[in-house]
Protein chains: 2
Amino acid sequence: MKCKNKIGAQTVNISNSVKIISSATVAGTKEQQGKLKGSFDILMDDGYFGEKTWEKAESKMQREAAKCAVQKAGLSLTDIDMAFSGDLLNQCTGTGYGMRELQVPFYGLFGACSTMALSMSLGAMIIDGGFAKYTLCGTSSHFCSSEKQFRMPLAYGGQRPPTAQRTVTGSGMVVLSDDGNGPKVTQITTGKIIDKGIKDPANMGAAMAPAAFDTLKTHFKDTNKKPQDYDLIVTGDLGELGYEIVCDYMEKDGYDISNYNDCGRMIFEKSQDTHAGGSGCGCSALVLCASLLKKLKKGELNEILFVGTGALMSPLSTQQGESIPSIAHAVVISNKEVTK
Amino acid sequence: MKCKNKIGAQTVNISNSVKIISSATVAGTKEQQGKLKGSFDILMDDGYFGEKTWEKAESKMQREAAKCAVQKAGLSLTDIDMAFSGDLLNQCTGTGYGMRELQVPFYGLFGACSTMALSMSLGAMIIDGGFAKYTLCGTSSHFCSSEKQFRMPLAYGGQRPPTAQRTVTGSGMVVLSDDGNGPKVTQITTGKIIDKGIKDPANMGAAMAPAAFDTLKTHFKDTNKKPQDYDLIVTGDLGELGYEIVCDYMEKDGYDISNYNDCGRMIFEKSQDTHAGGSGCGCSALVLCASLLKKLKKGELNEILFVGTGALMSPLSTQQGESIPSIAHAVVISNKEVTK
């Protein structure tokens, strides 16, 4: 007896043409001035988004992105069979309070900044398995709620080292279905937790890069593909330093990865002085939903490998001297026909 | 086009005979003296479990429960296609650091005390969809790490109100497969987030009861079953007060629920003075793995409805005046043949 969709140690095929039929974004003010300027659906005027706290703002971001994605799919919330979402806040309250009003069957996730890929992986398998027709998948992060929780009070104005990334204020949501049109989710490589002993929470890129490398290598081995089979390989979000590390690793192993980039490098302009680039669950969510999916729809890209990367530590685990366990989940998004 | 396994608004069938082929538990000292005395696999000598901190102890609990479950299934860790787990700690570090050494493809979840049912729901659907042959599903909680994070420093010795429950120190893990023997996961009802405005985090039973009620009602409607079709309906973990509320709701709606109990009432002895009973992700995990699955195997129970309940708030959301959003996921576990 074997699994009909499993094609390698960590990789499965999605065989029933599961499509990304819509996507939507909510973006913060700094993100609106970055490289993706003009490509977001809902624009925040400030970090509060009409709410009293940053945390409530983050919940509203998920809620509004979700409603917008569902509307763009020509659906109503009652059409959604299951939603998959998570975020970085303690007890994932960005998600819990965000999803509360939507009244859709809901599975909560925690994958730190890998959540966009994590939610789409599960959402696609669940449809392919015949358990849902429409799944809503997404995540959020907020610069202010993250800084407050993970780092320093914002008002303190602490200096950040050059390796630090800036948490993106944004939410991205997609609707998946085996009905309708859009780029397809065709393969998924589920990551293992990798920890190479990096302990500096201001250097997440270095902590997560080995997880990205592990999942990339596994994906190419499982699928018998090479990097150049994709128009773009994109991790998210390792930032400048993590990107360099992945490049080094891959090149040393003989891979040509001239078509590789990282979402942390694709959201802010250099002039915006975010140090090593963007981070947070919202980073890869915004890059995917505001840019990559649109390029896939227009045919500017035909097939991409989207690799969400997450660092699974907490401030407490850092205080207790622990290193940073990381994970990366890979999703193939393609305009090509599904190979059975 | 419709979903082949969806049978109602929130309910799906697992049609390929997915079995719980093994389970394992790690239990704390107080739990060892409770109603499930003598039925745990791994016994902790104290809250530290050989580690330096309670949080590291909790990670070890998950790791040891996982290894034990895999061993009892006659497998090795490399046989596990995917693991699904989560916990209550900030950024789910009990899970992240627990799973790190296992080196299995891993999906992180956050469902608070609903996590056992949540992990089994996803683990079963993923096997049924042909994406995995063996999934590892489970969770943990630890009285000390929870008190410290959610409530008061333990040394402070704060008084707890009668409505408060005691977080269970324990981890439960199951291995699911379409191969092998054991009770089957046959149906799943995915919960929606329900929030009736309860704001008291020392009264989680009252906060979660409406979510349990909503999922129970939906399950009976979706499946056209009645409570008496099950040998046991068990929620986890509402405690004494939440149990009473669900009884009231169900009786008012005309359901005979004489076969209903709650995991929060099934773990500690009255004499152990835990007020409203047990709570925490580990509560329903221990009751399921140490007691219910064994009764199913022996034929003392033939079919049960296992309903994990979780409260999705954080200390911060409480401080910000928010009420407690809750969720309940229902899993049918049965010795009967699967109805196609």
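Student: How far apart are the centres of domain 1 and domain 2 of chain A?
Tutor: Taken over C-alpha atoms, 18 Å separate the two centres. Keep in mind that this is a predicted model.

Student: Which residues belong to domain 1 and domain 2 of chain A?
Tutor: The domain assignment of chain A puts 18-177 in domain 1. Domain 2 is 184-334.

Student: How many residues are in contact between domain 1 and domain 2 of chain A?
Tutor: On the domain 1 side there are 50 residues. They are in contact with 49 residues of domain 2.

Student: Which elements of chain A supply at least two residues each on the domain 1 side?
Tutor: The helices are α1 (29-32), α4 (115-128) and α5. The strands are β1 (11-27), β5 (134-141), β6 (166-167) and β7 (170-177).

Student: Where does the largest share come from?
Tutor: From α4(A), with eight residues of the side that touches domain 2 of chain A.

Student: And by class, what does that side of domain 1 have?
Tutor: In chain A, the side of domain 1 that touches domain 2 has 22 nonpolar and 21 polar residues. Another seven are charged.

Student: New topic: helices. At what angle do α2 and α5 of chain A pack?
Tutor: The angle is about 135 degrees, and the axes are 8 Å apart. Here α2 is residues 54-72 and α5 is residues 143-150.

Student: Why give both an angle and a distance?
Tutor: Because two packed helices are described by the angle between their axes and the distance between the axes.

Student: So what do we call the arrangement of α2(A) and α5(A)?
Tutor: Oblique, because of that angle. Their crossing is left-handed.

Student: Which residues make the contact?
Tutor: α2(A) brings A:Trp54, A:Glu55 and A:Glu58. From α5(A) come A:Cys144, A:Ser145 and A:Lys148. By class, the residues of this contact are two nonpolar, one polar and three charged.

Student: What about α2(B) and α5(B)?
Tutor: They pack at about 135 degrees, with axes 8 Å apart. That makes α2(B) oblique to α5(B). The crossing of α2(B) and α5(B) is left-handed. B:Trp54, B:Glu55 and B:Glu58 of α2(B) meet B:Cys144, B:Ser145 and B:Lys148 of α5(B). This contact in chain B has two nonpolar, one polar and three charged residues.

Student: How many residues of chain B are in contact with chain A?
Tutor: Chain B has 59 residues in contact with 58 residues of chain A.

Student: Which elements of chain B each supply at least two residues?
Tutor: Helices α2 (54-72), α3 (93-100), α4 (115-128) and α9 (315-319) of chain B do. So do strands β3 (82-86) and β4 (106-108) of chain B.

Student: What classes are on the side of chain B that touches chain A?
Tutor: There are 27 nonpolar, 18 polar and 14 charged residues on that side of chain B.

Student: Switching to the backbone. Is the peptide bond from A:Gly236 to A:Asp237 cis or trans?
Tutor: Cis, with omega near 15 degrees. A:Asp237 sits in the loop between β9 (232-236) and α7 (239-252) of chain A.

Student: What is omega for the peptide bond from B:Gly236 to B:Asp237?
Tutor: Omega is near 10 degrees, and this bond is cis. B:Asp237 is in the loop between β9 (232-236) and α7 (239-252) of chain B.

Student: Last one: is phi of A:Ala112 positive or negative?
Tutor: Positive, near 50 degrees, in a residue other than glycine.

Student: Where is A:Ala112?
Tutor: In chain A, A:Ala112 is in the loop between β4 (106-108) and α4.

How values were computed
Residues are numbered from 1 along each chain as its sequence is written. Chains are lettered from A and ligands numbered from 1 in the order in which they are written. This is a predicted model: local features need pLDDT of at least 70, side-chain atom pairs count only at pLDDT 80 or more; totals for chains, interfaces and linings use all residues. Axes are lines fitted to C-alpha atoms, for helices over the stretch in contact, and angles run from 0 to 180 degrees between N-to-C directions. Helices (H or I, at least four residues) and strands (E, at least two) are DSSP runs, numbered from the N terminus. Angles under 35 degrees count as roughly parallel, over 145 as roughly antiparallel, 65 to 115 as roughly perpendicular and the rest as oblique. A crossing is left-handed if the near helix is turned anticlockwise from the far one by less than a right angle, and right-handed if clockwise. Two residues are in contact if their C-beta atoms, placed from the backbone, lie within 7 Å. Ala, Val, Leu, Ile, Met, Phe, Trp, Tyr, Cys and Pro count as nonpolar, Asp, Glu, Lys and Arg as charged, and the others, Gly among them, as polar. Domain bounds come from an automatic or database domain assignment.
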